[in-house]
Amino acid sequence: MTAKSEGKSLLREVWDALSFSEIRTAMRVVLSHMFVKPVTFQYPREKRTIPDAHRGALGLLRYDDGAERCVGCDLCEAACPSRCIKVVSAENPERPLSRYATEFYIDITKCVFCGYCVEACPVNALAMTKMYEYATADKRQLIFDKKRLYEVGEKHIEDAKRYLYAHNQEKNDAESFQYRYKFPHQVAGLTPPQDS
Amino acid sequence: MALKPVTSPDVEAPPIRLTVDGQQVEAKQGVSLYDVISQTGKTIPAMCYHYTFDPFGSCGMCLVMVEGKKAPVRSCTAKAEAGMVVRCEGEDLFLARKKAVEKHLTVHPLDCPVCDADGHCELQDMAFQHGVTNLVNAKPKGLPEDRRSLVLDFNMNRCILCGECINICKDVQMVDALQFFKKEGTTHVVAKGDEGLVCEFCGDCLAVCPVGAITNKYSKYVYKPWQLKKTTSTCAYCADGCQMYIETSGKGVQRVTSPLSWKNKWGDRAETAKGHGGLCVRGRFGFQYIDSKERLGAPLVRTEEGFAPRSWFEVMDTVIGRLKALKAQHGPNAIAGLITARCTNEELYLFQKLMRTAIGTNQVDSSARYGHLNFTRALQHAAGVGRVMNGYEEITKANVLLLIGTDITETNPVASLRVKEAIRVYGAQAIVATSRMTNIAKLASHPLRIAAGSERSFIQALVKAAVEEDLVDEAATTAAPEAFAALKAAVGGLSWDVLTARTGTSRAVAVESVRLYAEAPKAVILCAEGVTRQVEGYASVLNLVDLAWVTGKLTRPGCGVSALPEEANEQGAVDMGVAPELLPGQALYGDEEARGKFATAWRCSLPPPDPSATLMEILKRCRDGGIKALYLVGENPLATLPASTGVREALEKVELLVCQDPFLTETGRLAHVVLPATTFAEKDGTFTNLEGKVNRVRPALEPYEEARPDWEIFAALGTGLGYPMEYEAAQDVQREIMKLLPGYYNLGEARPVIATPEGYLRNGFAHTVAVRYAAGSEADGARPFALTIGQVLYHSGKLSTRASGLVQLYPSKGRLQMNPEDLAQLQIGPQDVVRVTSAGASVELRTEANPDLARGTCFFPEHFNEPPIKDLAECVVDPTTGVPAFKFTRVAIEKH
């Protein structure tokens, strides 16, 4: 203290001491931040807006008529670098000549959210959503089965479609059905996906 | 005329020289240019080519530039000429090939994600290789799928019209069930006559289809090729020893494939003489039993309320305790064992070792006793060979094939392809003596209709004709003049009147057949159930050996006498000594020296040769109360033997009946203890096929629930009974067999065999020859019909009736097959019930017409006991080998 105050005049020192100048200096920073918009969020109460291309939890999608899009082709399984997908397929008993997945598992604990599976899917049955809140005390809950994946897909259908548009996999107009994969009539008999 | 394949040995053409990509190549004139190029090691893409048949030239991929020609030519259908200058690579050729791929793709539906061939598709590979990314004017055909067939679905949208399926069916299988057919403006591949495909369902068309146009109903949509684990193993149905890939996913077996595939399209045509790598309907589509729900999952013990599952520990303790008590009380000969020849060599070896050492009885037998032992015993006695004398290659390259008493396309479908190849490629003459018009008889140059059950007389007639017409080989007969004189005298005693009446053929036919046979440089005799499973089967095989001997065919290379065993490892069962008269390596059990050798190796004394018991003797002793405990491994005598043999009484009489089987069989229901065993797909080991080739069996799956491989159970039993059998794996057993039988496991080629008939001809021949050429008793006129209980293509034993795929193809119809003319004569309609009466029993059932059967004969598949038609049969036991003959009966049929 003595060494620092050597350069200052006595008057100045007295004035500084009387006017709490050090506290003022410190408070200026604090007070100035009171009027600035905070960069942090009050997390569970407030949520960040997530971009459409965000890679979140995976969901399975249906066509607008309710039919499952997935044809059980196993390409997602083949594309997956962390081998977290398992598909078991069979012939659809209700619609002969069409293949569907009887079981579908994604081990989300292993998933690296690369999005390759979505890219590999020829019918856009898989999409990534903006869902990221699936923390649980039971790790077994993190192996998403077919039912869970469809639930995710249904709940986040808007996000999923936006994800596909953002990644240029599905288009908004009538040509979207032309854009990617098309099944012959008698094999699929499906309706074109409608615009969202 | 089709182009000759370059490697076929029958190509007789002047050698020429031509240039391929600047390299000088030697070839034969007129062969396919494609073959010449692939011989240099270059692979030109070709989607319609496969080495097993002649080039077809439909895909337009195998383009090459020939100097002097403006446009690229298709090398597969071009003939190699002297001085040709050929270029196989270059930008122009790449673009021309790319155009060809694009041409195929414009009409292809591109439904790869749902196609079963996705990832195993030549069109995909080609599109990728040639960088086809853009298609203009794509016009898929939009055709409905042809699902009329029971097994195969034809999706003509995906078809590239390569014709491989049609060619393999026509050229290799000689079934010719498929054809091109124009309808709705496009070309389709359909079954002949545009109907639902009904054929032998070998599935070779499925294997060679380079795209997903032909798919398999049994595994449709359930897999993608990259998801499956492939295990190379050997088929457990018949003794052909086909190599198969069991493809499994976590759930179980998804499909079965074989080395035959569009992927292996480059090969040496001459190699197909050893096999083309395909499978038959049983191997390819009969896999469902492996993970069937009916499998036994835990050991069962009979209690008052029925079977109750118990732990292995408890059950083994019970079995060992009971066996020990019975042995202490009644001696080791109160215990006997029977094993099926569907077990591996290691298990067969261990079983007879267990019975002979730990238990100490020689009452041990296998299902080779149902017929194959007639053949091996006869051949070992006469020629010192003890197995089939000719491998596949010798059968293929024979000039004359004499098939007696075999329906080879039904019993051994893949071995029958060797006969077909001999006929088609090598121009062999086939003499097929059979009562029914079998598929092989339809292809043969000399189909002889002989009376049902007269194989024995027909063989006698052949030998008689050979001797009388002096078609004998000087060198062979002069070496053993006494034997020849005895044979001459014996056949002299037979009268042609009796022989022609019995066989229904004239002397001229017998003479012509034997002349063909005797004059051929390479002639092979093939016989099967019609000889070895008949009454006097042992003598008939010896008569066939006589025929080969007098015509000089016994010791000549490329000739011989061969029989087709039924079950996968019957030859192995004989080689492993699972018969009371044999030790491993087919050493005779009566031979003190051989017994000494095994006694030293096994460190215990072996039971004396007396009392021994073969299958029928064991059952008799069970009935008499001499045998108190019976150990059955995979055997099901109750469903196999006719009721007149008293098999049920025998099994009910024994105090301890232990059944070890993957399924709960009819016999198993009578058992006190049932042990769950594994199928071939879950165990390690080897099978010996009919050629004598040892093939590996590898585990494709973990054992079903608590089932254990048979060898593990044997080892545990042996150790429990106080004879340590400490094996950790099947390989340990294998190592022990290797030490005792050096050279047995020469994996790969079968050892060539050399017949040594000298000893047999010098000693003992003259004593038995007169008996062997006795005319036998006359058929009973009161029962005019000949009933054969035999094998059909879609089944093998009782095992295949557990495979849902095969049952779907050939269900238990419960109908007696008869000639339509007989049916008309007896005025039997399809809904009428007939009563079939034999000497001892009668059965009522419906009939169905089968025009292939001769008049006066009827047929029932042996795989089904509904109605119990096997009980009509009487059982005649061969005096020498103890083989029970019960597959042929004379019956009366009347409308009920």
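Biologist: In which order do the 3 strands of the open, antiparallel sheet of chain B that includes S11 stand?

Modeller: The model is a predicted one. Strand S11 (residues 243–249) pairs with S12(B) in the antiparallel sense over 5 bridges. The 3 strands form an open sheet with antiparallel pairing, and their order is S10-S11-S12.

Biologist: Which strands of this sheet stand at the edges?

Modeller: The sheet of chain B is open, in the order S10-S11-S12. Each edge strand has a single partner strand, so one side of each is left without a neighbour in the sheet. The strands at the edges are S10 (229–234) and S12 (252–257) of chain B.

Biologist: By how many degrees are neighbouring strands of this sheet turned against each other on average?

Modeller: The pairing in this sheet is antiparallel, and the angle ignores direction. On average, neighbouring strands are turned against each other by 35 degrees.

Biologist: What radius of gyration does chain B have?

Modeller: The C-alpha trace of chain B spans about 90 × 70 × 65 Å along its principal axes. A compact globule of 896 residues would have a radius of gyration near 29 Å, and chain B agrees with this because its value is 29 Å.

Biologist: What percentage of the residues in chain B is buried?

Modeller: Chain B contains 31 helices and 36 strands. Among its contacts between residues at least 6 apart in sequence, 74% join residues at least 24 apart. Of the 896 residues, the buried part is 57%.

Biologist: Is Ala341(B) buried or exposed?

Modeller: Ala341(B) is found in the loop between strand S15 (335–339) and helix H8 (345–359) of chain B. Not counting residues up to four places away in sequence, Ala341(B) touches several residues, including Ser366(B), Ala368(B), Glu567(B) and Ala573(B). Because Ala341(B) has 29 C-beta neighbours inside 10 Å, it counts as buried.

Biologist: Why do the buried residues of H27(B) lie on the same side of the helix?

Modeller: In helix H27 (residues 730–740) of chain B, the buried residues are Ala730(B), Val733(B), Gln734(B) and Ile737(B). They lie on the same side of H27(B) because they cover an arc around the axis of only 100 degrees.

Biologist: What covers the buried residues of H27(B)?

Modeller: The residues concerned include Val733(B) and Ile737(B). Their cover includes H8, strand S27 (685–688) and helix H26 (710–720) of chain B.

Biologist: Which residue is joined to Pro611(B) by a cis peptide bond?

Modeller: Most peptide bonds are trans. Pro611(B) lies in the loop between helix H22 (592–602) and helix H23 (615–624) of chain B. With omega near 5 degrees, the cis bond to Pro611(B) comes from Asp610(B).

Biologist: What is omega for the cis bond that joins Glu866(B) and Pro867(B)?

Modeller: Pro867(B) is placed in the loop between strand S33 (857–861) and strand S34 (876–877) of chain B. For the cis bond between Glu866(B) and Pro867(B), omega is about -10 degrees.

Biologist: What is phi of Arg603(B), a residue other than glycine?

Modeller: Arg603(B) lies in the loop between H22 and H23 of chain B. Arg603(B) counts as exposed because it has 9 C-beta neighbours inside 10 Å. Most residues other than glycine have a negative phi. Phi of Arg603(B) is positive, near 55 degrees.

Biologist: Is Glu184(B) buried or exposed?

Modeller: Glu184(B) is found in the loop between strand S7 (178–183) and strand S8 (186–191) of chain B, and its phi is positive, near 50 degrees. Because 11 other C-beta atoms lie within 10 Å, Glu184(B) is exposed.

Conventions
Residues numbered from 1 in each chain as written. Chains lettered and ligands numbered in written order. Predicted model: local features only at pLDDT ≥ 70, side-chain atom pairs only at ≥ 80, totals over all residues. Helix = DSSP H or I, 4+ residues; strand = E, 2+ residues; numbered from the N terminus. Rg over C-alpha atoms; globule rule 2.2 N^0.38 Å. Buried ≥ 20, exposed ≤ 12 C-beta atoms within 10 Å, placed from the backbone. Contact = placed C-beta atoms within 7 Å. Pairing = 2+ DSSP bridges. Axes fitted to C-alpha atoms, helices over the stretch in contact; angles between N-to-C directions. Arc of directions from axis to C-beta.
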